[in-house]
Amino acid sequence: MEIQRLNKKIKNRFFIWSILMIASSLLVIPLPDNLAFIRIPWLPLSVIFFSIMTPSFFGILSAWFIGFVADLLQGDMLGQNAVALSVIAYISYRFHLQIRVFPIWQMMIVILLLLSLNELILLWIQGISGQIFFNYTRWIAIIIGALIWPIFMTLLLNIKSKVN
């Protein structure tokens, strides 16, 4: 019985970190300038998903670590993604019981707000450091990210159920 529970924990952690590494690698795939709006915020979506659906396996420190990895991959100022992902992970974790019972349209609105908060924190940090780069395509990607949330959530829940 103990071995089964340990195997389930290992499988859950492997699933979480493999999805986060895939999402991190999607950050650095080059896209043409005219398709930049298609760059969906996969990493914040993944952090929100795991903070809501598996709060016992994914926390604020994990979000900070994967944000730090994202900073290293993108060549951004160290800590900006880490701070932004930690904040949205905290909010998602704090309200995960309420968010999980929302109808899908309300959940999409919450995801839109969390992704917007993530972007605002990144803009604030870039503004403080004097390297602000405002582009409306970043906001289009956030809207697209909120719209694909039901598909993303369903896909990850199906994969998670098959892993366990």
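Trainee: Where does Thr 54 lie?
Mentor: This is a predicted model, and in it Thr 54 lies in the loop between helix 2 and helix 3 (60–74).

Trainee: Why is Thr 54 called buried?
Mentor: Buried means under 20% relative accessible area. Thr 54 has 5% relative accessibility, so Thr 54 counts as buried.

Trainee: Which residues is Thr 54 in contact with, leaving aside neighbours within four places in sequence?
Mentor: Thr 54 is in contact with Ile 16, Phe 49 and Lys 160, with those neighbours left aside.

Trainee: What makes Phe 49 and Phe 50 an aromatic pair, and why is the pair called edge-to-face?
Mentor: A search of the whole structure finds nine aromatic pairs. In the pair of Phe 49 and Phe 50, the rings are 5.2 Å apart, centre to centre, with 75 degrees between the planes. Ring centres must lie within 6.5 Å to pair, and planes over 60 degrees apart count as edge-to-face.

Trainee: Are Phe 49 and Phe 50 buried or exposed?
Mentor: Phe 49 is at 0% relative accessibility and therefore counts as buried. Phe 50 also has a relative accessible area of 0%, so Phe 50 is buried.

Trainee: Which residues do ring pairs link into a cluster?
Mentor: The cluster consists of Phe 15, Trp 42, Phe 49, Phe 50, Phe 58, Trp 149 and Phe 152, linked by ring pairs.

Trainee: What about Ser 46: why is that residue called buried?
Mentor: Ser 46 lies in helix 2 (residues 42–53). Its relative accessible area is 1%, which is under 20%, so Ser 46 is buried. Not counting residues up to four places away in sequence, Ser 46 touches Ile 19, Leu 20, Ala 23 and Phe 152.

Trainee: How many residues apart in sequence are Ser 46 and Ala 63?
Mentor: Ser 46 and Ala 63 are 17 residues apart in sequence, and 9.7 Å apart in space, C-alpha to C-alpha.

Trainee: Why does Met 153 count as buried when its value is 10%?
Mentor: The cut-off is under 20%. At 10% relative accessibility, Met 153 therefore counts as buried. Met 153 is found in helix 8 (residues 149–163).

Trainee: Which residues does Met 153 touch, not counting residues up to four places away in sequence?
Mentor: On that count, Met 153 touches Phe 49, Met 53, Ile 104 and Met 107. Met 153 and Met 53 are 100 residues apart in sequence, but 9.4 Å apart in space, C-alpha to C-alpha.

Trainee: Why are helix 6 and helix 8 called roughly perpendicular?
Mentor: Helix 6 (residues 104–129) and helix 8 pack at an angle of about 105 degrees, with their axes 10 Å apart. Angles of 65 to 115 degrees count as roughly perpendicular, and the two helices are therefore roughly perpendicular to each other.

Trainee: Which residues make that contact?
Mentor: Helix 6 contributes Ile 104, Met 107, Met 108 and Ile 111, and helix 8 contributes Trp 149, Pro 150 and Met 153. The residues of this contact divide into seven nonpolar, no polar and no charged.

Trainee: How do you know that the charged end of Arg 94 sits over the ring of Phe 95?
Mentor: The charged end of Arg 94 is 4.9 Å from the centre of the Phe 95 ring. The distance cut-off is within 6 Å, and the charge must also be within 35 degrees of the ring normal.

Note on methods. Residues numbered from 1 in each chain as written. Predicted model: local features only at pLDDT ≥ 70, side-chain atom pairs only at ≥ 80, totals over all residues. Heavy atoms only, no water. Phe/Tyr/Trp six-rings, centres within 6.5 Å; stacked < 30°, edge-to-face > 60°. Buried < 20%, exposed > 50% of the residue type's maximum accessible area, 1.4 Å probe, protein only. Helix = DSSP H or I, 4+ residues; strand = E, 2+ residues; numbered from the N terminus. Contact = heavy atoms within 4.5 Å. Axes fitted to C-alpha atoms, helices over the stretch in contact; angles between N-to-C directions. Parallel < 35°, antiparallel > 145°, perpendicular 65-115°, else oblique. Nonpolar A, V, L, I, M, F, W, Y, C, P; charged D, E, K, R; others polar.
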